Amino acid sequence: MNLNIDNIWVLNIAGVEVWITETIVNTWLIMFVLIVFAVIAHVKLRNFKTVPTGFQNVTEIMVETFDNFARNTLGEKLSYVAPWFFMVFAFVLSSSLFSVFGVRAPTADWATTFALALASFTLMLFMGFKHRKGEYLKSFFEPHFIFFPLNFIGELAKPVSLSFRLFGNMLSGTIILTLYYGLTPLFVQFGIPSLLHAFFDVVFGALQTYIFVIISLMYVRGAAE
């Protein structure tokens, strides 16, 4: 495990250098695995059973659990955006779980977490203008128009704080594990690291995924209502 983000390829496109970093490759890997899983689920669920068993049962539990969670947070009126956040949840959680196998989590790179936070922020603005129209724009000037700069900066701070929260927590686990592997002798790098990975990658990763998604959901609901 390495703290540095390796640059794997450099592509020259029309005189512009495009860096293919370890983060991008790992992101593609996780996306590929999630897409394969989605295709398998689509094929297997063609023969839908009234009484679910096995794979169908597990898939329904996952989808229904997140759907209920999103509905309770967003409300019934906004529940149609839940599939987007299910994708975000699956990607962020997979990023943590893949770290168990030595894959550097893309969420330990601020570029990834900021992109996710910026997408949620864009959705927040869209939902605000869609459901509240001029009233949402008016909220930037409340309680008085002189507060517009503060309100505007407060809105811009949301994706930044959201991205740094996830990035900082995921990077901290990467740093601790890297220090452990780098400072301990080889004979203690068996057994104990599995406990560290279980905590930082599985437990801590799942917790940070939940926090990132629920705050994003609350931002969207706050803008739309």
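This is a predicted model: local features need pLDDT of at least 70, side-chain atom pairs count only at pLDDT 80 or more; totals for chains, interfaces and linings use all residues.
**Annotated spans**

I started with the UniProt record, an unreviewed entry. Its "transmembrane region" annotation covers residues 25–43, 81–104, 110–129, 166–183 and 195–220. I then checked two of these spans in the model. Residues 110–129 are 100% helix and 0% strand. The end C-alpha atoms of that span are 28 Å apart. Residues 81–104 come out at 71% helix, again with 0% strand. Here the end C-alpha atoms lie 29 Å apart.

**H2 against H3**

Next I looked up how H2 and H3 pack. I wanted two values, because a packed helix pair is described by the angle between the axes and the distance between them. H2 spans residues 54–74 and H3 spans residues 82–98. The angle is about 115°, and the axes are 10 Å apart. The crossing of H2 past H3 is right-handed. From H2, the contact uses Met 62, Phe 66, Asp 67 and Ala 70. From H3, it uses Ala 82, Phe 85, Phe 86 and Phe 89. I sorted these residues by class: 7 are nonpolar, 1 is charged and none is polar.

**Asn 26**

Last, I turned to Asn 26. It sits in helix H1, residues 22–44. Is Asn 26 buried or exposed? The relative accessible area is 10%, which is under the 20% cut-off, so I logged Asn 26 as buried. I also listed its contacts, leaving aside neighbours within four places in sequence. Asn 26 touches Val 103, Arg 104 and Pro 106.

Conventions. Residues are numbered from 1 along each chain as its sequence is written. Side-chain values use heavy atoms; hydrogens and water are left out. UniProt positions are given in the numbering used here, feature names are shortened, and annotations may be inferred rather than shown by experiment. Helices (H or I, at least four residues) and strands (E, at least two) are DSSP runs, numbered from the N terminus. Axes are lines fitted to C-alpha atoms, for helices over the stretch in contact, and angles run from 0 to 180 degrees between N-to-C directions. A crossing is left-handed if the near helix is turned anticlockwise from the far one by less than a right angle, and right-handed if clockwise. Contact means heavy atoms within 4.5 Å. Ala, Val, Leu, Ile, Met, Phe, Trp, Tyr, Cys and Pro count as nonpolar, Asp, Glu, Lys and Arg as charged, and the others, Gly among them, as polar. Buried means under 20% relative accessible area, exposed over 50%, partly exposed in between (1.4 Å probe, protein chains only).
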